[in-house]
Amino acid sequence: MKLKVRRNEFERAGLKEGVYFVEVVEDIDELRIVDKSDVPIRFYSENGKIFADVPDDVVQKHKLFNGEELEIISPKDSGWKHIAMYII
């Protein structure tokens, strides 16, 4: 499913266009970038905007609101050791 991504969050997290793999933290509906998993997310630009392709089943099961956007929280802002993402 195609989700909108805020460019400032994408850049702040140090992400680049391409495919990343995530693990799903079930109890808090968080996606975390990891080295290996079965869940790919592809980031790409289209008409100057950033989007993420997230598997439909992941979006439906873990969306927190209407599931149109992927919020990215950088470790620089959170103090965590991982990039956290939420489907909102």
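## The barrel

Seven strands form a closed barrel in the order β1-β5-β4-β2-β3-β7-β6, and their pairing is mixed. The model is a predicted one. Averaged over the sheet and with direction ignored, neighbouring strands are turned by 40° against each other.

Strands of a sheet pair through backbone hydrogen bonds, in either a parallel or an antiparallel arrangement.

Strand β2 covers residues 18-25 and strand β3 covers residues 30-34. The two run antiparallel and are joined by five bridges. Across from Val 25 stands Glu 30 of β3. β3 and β7 pair in the antiparallel sense, over two bridges, and here Arg 32 stands opposite Ala 84 in β7.

Strand β7 (residues 84-87) is joined to strand β6 (residues 69-73) by four bridges, and these strands also run antiparallel. Glu 71 has Tyr 86 of β7 as its bridge partner. Within β7, Ala 84 and Tyr 86 point one way, while Met 85 and Ile 87 point the other way. All four of these residues are buried.

## Glu 30 in strand β3

Apart from neighbours within four places in sequence, Glu 30 is in contact with Glu 23, Val 24, Val 25, Trp 80, His 82, Ala 84, Met 85 and Tyr 86. Val 25 is the residue that stands opposite Glu 30, and Ala 84, Met 85 and Tyr 86 belong to strand β7.

## Leu 3 in strand β1

Leu 3 is part of strand β1, which spans residues 2-5. Its relative accessibility is 0%, and therefore Leu 3 counts as buried.

Which residues does Leu 3 touch, not counting those up to four places away in sequence? They are Ile 50, Phe 51, Ala 52, Val 54, Val 59, Gly 67, Glu 68, Glu 69, Leu 70 and Ile 87. Leu 3 and Val 59 are 56 residues apart along the chain, and their C-alpha atoms are separated by 9.2 Å. Ile 87, another residue in the list, is one of the buried residues of β7.

## Aromatic pairs

A search of the whole structure finds three aromatic pairs. One of them joins Phe 10 and Phe 43, whose ring centres are 5.3 Å apart; the planes meet at 50°, so this pair is tilted. Phe 10 lies in helix α1 (residues 7-12) and Phe 43 in strand β4 (residues 39-46), so the pair ties together parts that are 33 residues apart in sequence.

Both Phe 10 and Phe 43 are buried. Ring pairs also bring in Tyr 20, linking Phe 10, Tyr 20 and Phe 43 into a cluster.

## Charges over rings

Lys 2 and Arg 42 each lie over an aromatic ring. The charged end of Lys 2 sits over the ring of Phe 51, at 4.4 Å from its centre. Phe 51 is also among the residues that Leu 3 touches. Arg 42 lies over the face of Tyr 44, and the distance to the ring centre is 4.2 Å.

Definitions and conventions. Residues numbered from 1 in each chain as written. Predicted model: local features only at pLDDT ≥ 70, side-chain atom pairs only at ≥ 80, totals over all residues. Heavy atoms only, no water. Phe/Tyr/Trp six-rings, centres within 6.5 Å; stacked < 30°, edge-to-face > 60°. Buried < 20%, exposed > 50% of the residue type's maximum accessible area, 1.4 Å probe, protein only. Lys NZ or Arg CZ within 6 Å of the ring centre and 35° of its normal. Pairing = 2+ DSSP bridges. Axes fitted to C-alpha atoms, helices over the stretch in contact; angles between N-to-C directions. Contact = heavy atoms within 4.5 Å.
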